[in-house]
Amino acid sequence: MSWTREQVVRRAAAAMRPGQVVNLGIGMPTEVANYIDPASNVTLQSENGLLGMGPYPTEDEVDARLINAGKETVTALPGASLFDSAQSFAMIRGGHIDLAILGGLEVACNGDLANWTVPGKLITGMGGAMDLAAGARRLVVVQNHTSKDGGSKLCNRLTLPATALGCVNRVITDLGVFDVGGDCFVCVARADGVTREIIVKNTGAPVLFTTATSGK
């Protein structure tokens with residue numbers, strides 16, 4: 001067994017702390033907006049120029065002019081502000097983003113991140129991933145534990161072009177929650193039904209398990 005996509009996203013939402021300014025990357029991370037506790041006073045920032053982003057809109061809330069960085073329609077909470085990309089990236093590069101939650105292609109146990117390209121595949125560009133990875137005070141990556149061909153996406157050293165070095169603090173996958181340990185990953189939670197042996201087999205770097213590690 002392993003966590004579903006929704007369970008991974010909910011785990012990422014739980015990484016937020018009250019009062020934080022948080023940026024959600026394109027793809028799975030954007031779904032985190034649907035699971036934020038309104039009482040937590042978390043403020044979502046979108047790199048295309050929106051502070052105070054809400055969850056995805058219902059059908060009668062859709063406004064085609066209001067989008068996130070992935071060009072998906074979103075909502076704006078009361079008190080939200082809109083601004084240009086220059087101001088948005090000044091916030092990111094200036095260290096004003098408390099937490100970034102990004103997708104990943106590979107994460108190395110020393111915190112290096114690759115999430116913008118696979119050699120030989122057509123891409124539109126890196127986008128804001130490099131700035132967010134380097135500028136956010138804390139970085140959580142959500143991704144599958146293994147690739148479609150069964151290779152581990154948690155590795156000893158990156159094999160794909162790097163987005164930023166030494167930037168990742170935590171990785172949440174369908175198999176568990178892992179902190180980077182420099183020369184290993186530290187498993188702090190296992191998905192329901194996933195054994196230590198399964199994690200070790202599917203991880204391309206040494207794994208340590210905390211004494212409190214469980215499937216809960």
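Analyst: For linings, Ala, Val, Leu, Ile, Met, Phe, Trp, Tyr, Cys and Pro count as nonpolar, Asp, Glu, Lys and Arg as charged, and the others, Gly among them, as polar. A cavity is a set of points on a 1 Å grid over the protein atoms alone where a 1.4 Å probe fits but cannot get out; its lining residues have an atom within 4 Å of a point. This is a predicted model, in which local features need pLDDT of at least 70 and side-chain atom pairs pLDDT 80 or more, while totals for chains, interfaces and linings use all residues. Residues are numbered from 1 along each chain as its sequence is written, and side-chain values use heavy atoms, without hydrogens and water.

User: What lines the second largest cavity?

Analyst: Its lining consists of T30, A33, M53, G54, P55, Y56, N68 and V74. These divide into five nonpolar, three polar and no charged residues.

User: How do the residues lining the largest cavity divide?

Analyst: They comprise four nonpolar, seven polar and one charged. Among them are N23, Q45 and E47. Strands (DSSP runs of E, at least two residues) are numbered from the N terminus; β1 (21–24) and β2 (43–46) each supply at least two lining residues.

User: Which order do the strands of the open sheet have?

Analyst: Two strands pair if DSSP finds at least two bridges between them. The three strands are ordered β7-β6-β9, with mixed pairing. β7 (113–114) and β9 (154–155) stand at the edges with a single partner strand each, so one side of each has no neighbour in the sheet. Strand β6 (residues 106–108) runs antiparallel to β7, joined by two bridges, and V107 stands opposite L113 in β7.

Technical notes. 1 Å grid on protein atoms, 1.4 Å probe; cavity = no way out; pocket = protein on both sides within 12 Å on 5 of 7 lines; lining within 4 Å. Helix = DSSP H or I, 4+ residues; strand = E, 2+ residues; numbered from the N terminus.
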